Amino acid sequence: MLNGKRVLLIVAGGIAAFKALELIRRLRERGCSVRCVLTEAGARFVTPLSLQALSEDRVYSDMFSLTDESEMGHIQLSRDADLLVVAPATANVLARMAAGMADDLATTVLLATDKPVLAAPAMNVRMWTHAATVANVETLRRRGVHFIGPNDGAMACNEHGPGRMSEPEEIVAAIEALLDPGTVSEQARVLAGRRAVVTSGPTREAIDPVRYISNHSSGKQGHAIAAALARLGADVTLVSGPVAVADPPGVRVVHVESADQMLAACLAAGRIDVAVCAAAVADWKAATPANSKIKKKAGAAPPALALAANPDILAALSTPGPKRPALVIGFAAETENVVANALDKRKRKGCDWILANDVSPATGTFGGERNTVHLVSDAGVEDWPTMAKEEVAQRLAERVGRHLGVVRPAQAAE
Ligand code: CTP
C-alpha cells in the first residue's frame with residue numbers, strides 16, 4: 001500500500017502521456033496522493049483539466065505564475081513529495097535533466113529536488129537507442145535517477161522495439177519498490193531465495209610486479225547484470241576483476257586480479273542456481289611470472305614471454321555434476337561470424353545460454369554504453385535490438401527469473 005505517500009508526477013510531451021491519467025488513478029486507489037506538473041509539450045497531449053480531475057489537486061505548469069510562486073514555489077513542490085515521477089520521460093526531458101537545465105517548471109523542480117526520482121521513458125526506438133539518449137540515461141542513472149522501462153513493442157510511429165512507456169501497473173510496482181520496499185510483490189522479486197555468481201571485468205595476469213597482460217573490458221555489462229539479478233531478489237556474488245565502475249548496490253563483491261583468483265572466488269561461493277560469466281578472462285598468463293622487475297640489458301635481445309593457459313571459468317562451472325548450477329550463462333566476445341562462433345562456443349564450454357556480442361572496435365561495445373547481443377540457447381538464436389547495457393542486464397535477469405521459476409532452488413553453501 002502507498003497510504004499517505006505523496007507523488008509529484010511530471011507529465012512531459014509524448015503520446016504516452018495518456019497513460020499518466022491511468023497512473024494517477026491506480027496510485028490514488030492505493031492511498032497515494034498525486035500532484036501534477038505538466039510541461040508545455042505535455043499539455044498538447046493531455047489537458048490540465050483531466051489531470052486536475054483525477055488528482056483532485058491543482059496542476060502546476062507555469063514557473064512564472066505569481067500565484068504559484070507565492071503559494072507553492074518550486075522548492076515547496078518537491079518538498080511536499082516523497083517521490084518525483086517523470087512519466088512519460090521524453091528524450092527531450094531526459095536530455096534537459098542530464099544537462100542540469102532549469103528552463104521550465106518541470107526541470108527546475110527536478111534540479112532543485114533532494115527526493116528520489118523515477119523516470120518512465122517513452123520515445124521512438126531510434127531516439128531511445130541514439131548515443132545521445134544512451135549517454136543521458138547513463139549519466140542520470142549514475143546520479144541516482146531510477147528508471148522503469150521502456151518496454152518493447154509496437155509504437156505509435158509504426159516502428160517496433162524498445163521505447164514504449166511501461167504500463168501504469170508496472171510503474172506503480174516500481175513506485176512501491178521505492179517508497180515501500182516491504183510490499184514489493186513476490187512477482188517483482190522472482191529470484192528471491194536464488195543464489196547467483198556473476199564474473200565481470202578483465203583479469204590481470206602478472207608478468208612481473210609492475211607489468212601485466214590484460215584487456216579492454218570495462219565491467220559495465222557484468223556489473224549491470226549483477227545489479228539486475230539483485231533487484232529481482234537474488235543473493236548475488238559479483239566476482240570482479242580490476243574495473244573503474246563502482247560496486248553495484250545490494251551485491252556481495254569479491255575483487256580479484258587474476259583468472260586463477262577469479263575461479264577460486266567463484267568456487268568459494270558454494271552452491272548456486274545461476275552463474276553468469278561476463279568477465280573477459282585473459283586466456284593466457286605468464287608461465288613463470290618474475291618476482292622482481294625484469295630489467296633491460298644493454299645490447300641483449302628482448303626477453304621471450306612464455307605463456308601458460310588460464311583455467312576456463314565458464315567451462316569449469318558448466319561441468320556436469322550435482323554441484324552444477326541449474327543455469328550457466330556465458331558471453332561470446334567475437335569480432336567476426338558472431339552467431340556461428342557462439343553456437344560452437346556454447347557446445348565447447350557446455351553452458352546453457354550464450355549471449356553473443358560483436359566486440360570489433362567499430363561497434364564501441366568494449367567500454368561503451370550499448371550492446372547488441374544474440375541469445376543462443378537450445379531453443380535457437382534470438383536477436384536482441386541494440387540497447388543500453390543496463391537494459392540487456394534487466395532483460396537477461398527477467399529471462400533468468402522466468403527460467404528458474406520452474407527449477408528447484410540450490411541449497412545454501414555446503
Ligand atoms: N571465459 C572464462 N574463462 C576463460 C575464458 C573465457 O570464464 N578463461 C568465459 C567468458 O567469461 C565468456 C566466455 O567464456 O563468458 C567466452 O569468452 P570468449 O573470450 O568469447 O571466448 P574464449 O574462451 O576466449 O574463446 P575464443 O578464443 O574461441 O574466442
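**Reading the model**

Mentor: Let's start with a strand pair: aspartate 152 stands opposite proline 162 in β8. Before we go on, this is a predicted model, where local features need pLDDT of at least 70, side-chain atom pairs count only at pLDDT 80 or more, and totals for chains, interfaces and linings use all residues. Residues are numbered from 1 along each chain as its sequence is written.

Trainee: Which way do β7 and β8 pair, and over how many bridges?

Mentor: Two strands pair if DSSP finds at least two bridges between them. Strands (E, at least two residues) and helices (H or I, at least four) are DSSP runs, numbered from the N terminus. Here β7 (residues 151-154) and β8 pair in the antiparallel sense, over four bridges. Their hairpin has five residues between the strands, and asparagine 158 has a positive phi near 70 degrees there.

Trainee: Is β8 mostly covered or uncovered?

Mentor: A residue is buried if 20 or more other C-beta atoms lie within 10 Å of its own, exposed if 12 or fewer, and partly exposed in between, with C-beta atoms placed from the backbone. By that test four of the five residues of β8 are buried.

Trainee: How is the chain divided into domains?

Mentor: The bounds come from an automatic or database domain assignment. You get domain 1 (6-183) and domain 2 (195-286 + 303-404), with 34 Å between their centres, taken over C-alpha atoms. Eight residues of domain 1 are in contact (C-beta atoms, placed from the backbone, within 7 Å) with eight of domain 2. On the domain 1 side, α8 (131-142) and β8 (160-164) each supply at least two residues, and α8 gives the most, with five.

Trainee: What about the largest nonpolar core, and which residues touch the most other members?

Mentor: In soluble globular proteins, nonpolar side chains tend to be buried together. A core here is a set of buried Ala, Val, Leu, Ile, Met, Phe, Trp, Tyr and Cys residues joined through C-beta atoms within 7 Å. The largest has 118 residues, and Leu9, Val11, Val86, Ala87, Ile225 and Leu229 touch the most other members. Helix α10 (residues 220-231) gives the largest share, seven residues. Both domain 1 and domain 2 contribute at least three residues each.

Trainee: Which residues is isoleucine 225 in contact with?

Mentor: Leaving aside neighbours within four places in sequence, isoleucine 225 contacts Val198, Val276, Ala278, Ala393, Leu396 and Ala397.

Conventions. Two residues are in contact if their C-beta atoms, placed from the backbone, lie within 7 Å.
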